[in-house]
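Visitor: I would like to learn how to read a model like this one. Please show it to me.

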Amino acid sequence: MPVKNRFAELQDEITAWRRDFHENPELLFETHRTAGIVAEKLREFGCDEVTEGIGRTGVVGVIKGKASGSGKVIGLRADMDALPINENTGVPYASKTPNAMHACGHDGHTAMLLGAAKYLAETRNFDGTVVVIFQPAEEGGGGAKVMCDDGMMERWGIQEVYGMHNWPGQPLGSFAIRPGPFFAATDTYEVVVTGRGGHAAKPHETIDPVVISAQIVTALQSIASRNADPVSQIVVSVTSFVTSSQAFNVIPPRVTLRGTVRTLSPENRDLAETRISEICTGIANAMHAEATVSYSRNYPVMVNHDEQTDFAVEVAKSVAGDCAEAPLVMGGEDFAFMLNERPGAYILVGNGDTAMVHSPEYNFDDNAIPAGCSWYAEIVERRMPAA
Ligand SMILES: [Zn+2]
Ligand SMILES: [Zn+2]
């Protein structure tokens, strides 16, 4: 069965919502305008319950099926926030806000889930309850966690959760997914190397933190190449190297290094944290300097559950005829927090041959809307079939 006809009819309307969100991007938890529109539309569609302010600016809508005897409750999630990027697409509905842009397609995700909610509230052709979840702050703020911490799963009795992300480079409107670990845990670290500054022409009277930090940067590469199991996946990147003096002729007293760690298993996550600390303090001590390391664990690994992934594949095939195996992604995704609370699955819908997400040239392709909406709606109708 191809995409649902109703979504072909609704595509222009959903596209107009998407472009309005695109023109008015909001960052992190500041998604006030977007959340307001989402809540207003959910009420207009006739949702049985609409609650704002979950996870600060998140919105939750409840749609009951024709019957509720199954007792099933399924959560469908979309993210609403944009990125601090200056848009360079040249589209007529480009961002009106400097340094804010829907460069990850969350405008498309929000519009597609709203479209699915409109259809589900109209038809209610299922036995159970759907909870539509619109979260803020996916891009670094952990909005999914804040919604969970507000007791969302318990309050609405959510039993399973499903999410979707558009994916550039994947054929438009096609689907791809994988069971198990899918998106990486995303951690950050900061190392401050303190030596003794002085005149650059008298290095023997200093403890030079630049030379020591350079050795640390090199040695950190051995975590991936010599410490981690080569068949596993790990990224340890140093992304910032800042000296405390910018002069040509001064050896600075201090260097600050920053970076990110991406892993797909708890073992590698622990390994990276331990080795970064050992390498930095060990090298600094050997050179009579001091290193202080702070390591923060941010998003956990996003793990798709086997049974719900199989079901998501079946639904994707019914919508698009096929479902590919997605590659592992070393980027992070905070839907991981929801999948840690409830079984579920996260799928990629193709955005065609476009710029990658997080690029100033990226744009969500509105022609993915019928496929994305159909997948959400079919998840509900097939998982909780009406008698
Ligand atoms: Zn993103
Ligand atoms: Zn995203």
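Visitor: What should I know before reading?

Guide: This is a predicted model, in which local features need pLDDT of at least 70, side-chain atom pairs count only at pLDDT 80 or more, and totals for chains, interfaces and linings use all residues. Residues are numbered from 1 along each chain as its sequence is written, chains are lettered from A and ligands numbered from 1 in the order in which they are written, and side-chain values use heavy atoms, with hydrogens and water left out.

Visitor: How many helices and strands does the protein have?

Guide: Helices (H or I, at least four residues) and strands (E, at least two) are DSSP runs, numbered from the N terminus. The protein has 10 helices and 16 strands. Its C-alpha trace spans about 80 × 45 × 35 Å along the principal axes.

Visitor: What share of the residues counts as buried?

Guide: Buried means under 20% relative accessible area, exposed over 50%, and partly exposed in between (1.4 Å probe, protein chains only). Here 56% of the 387 residues count as buried. Contacts, meaning heavy atoms within 4.5 Å, can also be sorted by sequence separation. Among those with a separation of 6 or more, 82% join residues 24 or more positions apart.

Visitor: What coordinates the zinc ion (ligand 2)?

Guide: C104 (SG), H106 (NE2) and H165 (NE2) do, at 2.1 to 2.3 Å. The donor spacing reads C-x1-H-x58-H. C104 bridges the zinc ion (ligand 2) and the zinc ion (ligand 1), which lie 3.1 Å apart.

Visitor: How do I read a sheet? In what order do the strands of the open sheet lie?

Guide: Two strands pair if DSSP finds at least two bridges between them. Here 4 strands form an open sheet in the order β10-β12-β8-β13, with antiparallel pairing. The edge strands are β10 (234-243) and β13 (290-299), each pairing on one side only. The twist averages 15 degrees from one strand to the next. β10 and β12 (residues 254-263) pair over 9 bridges. T243 stands opposite V255 in β12.

Visitor: Which strands does each helix lie across?

Guide: Axes are lines fitted to C-alpha atoms, for helices over the stretch in contact, and angles run from 0 to 180 degrees between N-to-C directions. Helix α6 (residues 209-227) lies across β8 (185-194), β10 and β12, at about 170 degrees to β10. Helix α7 (residues 266-286) lies across β8, β10, β12 and β13, at about 165 degrees to β13.

Visitor: At what angle do α6 and α7 pack?

Guide: They pack at about 150 degrees, with their axes 9 Å apart. Residues in this contact include I212, I216 and L220 of α6, and L271, I276 and I279 of α7.

Visitor: Last, polar contacts. Which side chains does E160 meet?

Guide: A polar contact is a pair of N or O atoms within 3.5 Å; within protein, one must be able to donate a hydrogen and the other to accept it, and residues adjacent in sequence count only if both atoms are side-chain atoms. The E160 side chain makes such a contact with that of Y162, at 2.8 Å. Another, also of 2.8 Å, joins E160 to the side chain of R383. E160 is found in strand β5 (residues 160-167). E160 is buried, at 11%.

Visitor: And with which side chain does T34 make a polar contact?

Guide: With the side chain of E26, at 2.5 Å. T34 belongs to helix α2 (residues 32-45). T34 counts as buried, at 1% relative accessibility. Leaving aside residues up to four places away in sequence, T34 touches F21, N24, E26 and M80.

Definitions and conventions:
Donors = N, O, S within 2.8 Å, 3.2 Å for Na, K, Ca; no water.
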